[in-house]
Amino acid sequence: MPGGRDSTIVKLEFSSGVSVPPPQAFTVLKDNGVEIKEIEMLHSLEARNTYDLKFTSDVARVKGVSCLKGVEGLIVTPYDGSVAVTVLYLPFEVDQRLVARVLSQYGTVSEMRWCKYTGGELKGIFNGKRQFRRELVRDIPSFLFIGGSKAHIRYFCQPRTCFRYGEEGHEAKSCPNRRCGKCLQLGHSKAVSQRVRPATSM
């Protein structure tokens, strides 16, 4: 199944200026009709006062979102079925429209943007990463050739594929198809071959 957010998860954002630790977040939930037995997970995110809230079922999620709608100082955002796809290591001059066209074989694009540094004196400068929001219909390999360059592809719950041959189930460091430069056998590198070389008799 292509990667994407679980339909039972919503994002909670407490907009008050004071810190809202997990126990206080649970209190807000209970005070507004969300039962603890309907909650499977409350996960603190990197952004301050922001959580992923996972309900035990889609029915509990619908009820919970309804209960929390309109609560002052709380923004509840259900996740859609799309996924943020990050593209790395492409030359800057490769056109965004070309990247979107290549990715379109895996799903429909709804948004694309250049990523920027977010802090310090570099804030606002492009960092070379590109991000596309897509409704995936099938998984994207860990790398694709775009505009003659090899781009690395990353997104949530992506099945990792081998950078050598694009196969699923392993990465390049454990690729069974790699060939030793010394003995020409498959499954190990020259360095490994040298390490396991049997000792010679004296």
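Tyr-51 is buried, with a relative accessible area of 3%, where buried means under 20% relative accessible area, exposed over 50% and partly exposed in between, with a 1.4 Å probe and protein chains only. This is a predicted model, in which local features need pLDDT of at least 70 and side-chain atom pairs count only at pLDDT 80 or more, while totals for chains, interfaces and linings use all residues. Residues are numbered from 1 along each chain as its sequence is written, and side-chain values use heavy atoms, with hydrogens and water left out.

A search of the whole structure finds five aromatic pairs; rings of Phe, Tyr and Trp (its six-membered ring) pair if their centres lie within 6.5 Å, and planes under 30 degrees apart count as stacked, over 60 as edge-to-face and the rest as tilted. In one of these pairs, the ring centres of Phe-14 and Tyr-51 are 6.2 Å apart and the planes stand at 85 degrees, so the pair is edge-to-face. The pair links distant parts of the chain, with Phe-14 in strand β1 (residues 9–14) and Tyr-51 in strand β3 (residues 50–55), 37 residues apart. Helices (H or I, at least four residues) and strands (E, at least two) are DSSP runs, numbered from the N terminus. Phe-14 also counts as buried, at 9% relative accessibility.

Phe-143 and Phe-145 form another edge-to-face pair, 6.0 Å from centre to centre and with 90 degrees between the planes. Phe-143 is buried, with a relative accessible area of 11%, whereas Phe-145 counts as exposed at 57% relative accessibility. Lys-150 lies over the face of Phe-143, at 4.3 Å from the ring centre; a charge sits over a ring if NZ of Lys or CZ of Arg is within 6 Å of the ring centre and within 35 degrees of the ring normal.

The next topic is the sheet. Strands of a sheet pair through backbone hydrogen bonds, either parallel or antiparallel. Here an open sheet of five strands has the order β6-β7-β5-β9-β8, with antiparallel pairing, and two strands count as paired if DSSP finds at least two bridges between them. Strands β6 (107–116) and β8 (143–146) stand at the edges, each with a single partner strand, so one side of each is left without a neighbour in the sheet. Four bridges join β8 to the antiparallel strand β9 (residues 149–154), and Phe-145 stands opposite Lys-150 in β9.

Strand β5 (residues 83–88) contains Leu-88, which is buried with a relative accessible area of 13%. Not counting residues up to four places away in sequence, Leu-88 touches Lys-129, Ala-151, His-152 and Arg-154, where contact means heavy atoms within 4.5 Å. The C-alpha atoms of Leu-88 and Ala-151 are separated by 5.8 Å, although the two residues are 63 apart along the chain.

Side chains of opposite charge can pair when their charged atoms come close. A search of the whole structure finds four salt bridges, each a side-chain nitrogen of Lys or Arg within 4 Å of a carboxyl oxygen of Asp or Glu. Among them, Lys-37 and Glu-35 meet at 3.6 Å, N to O; Lys-37 is exposed, with a relative accessible area of 66%, and Glu-35 is partly exposed at 37%. Another salt bridge joins Arg-61 and Asp-58 at 3.5 Å, N to O, and these residues are separated by about one helical turn because they are three residues apart in helix α2 (residues 58–68).
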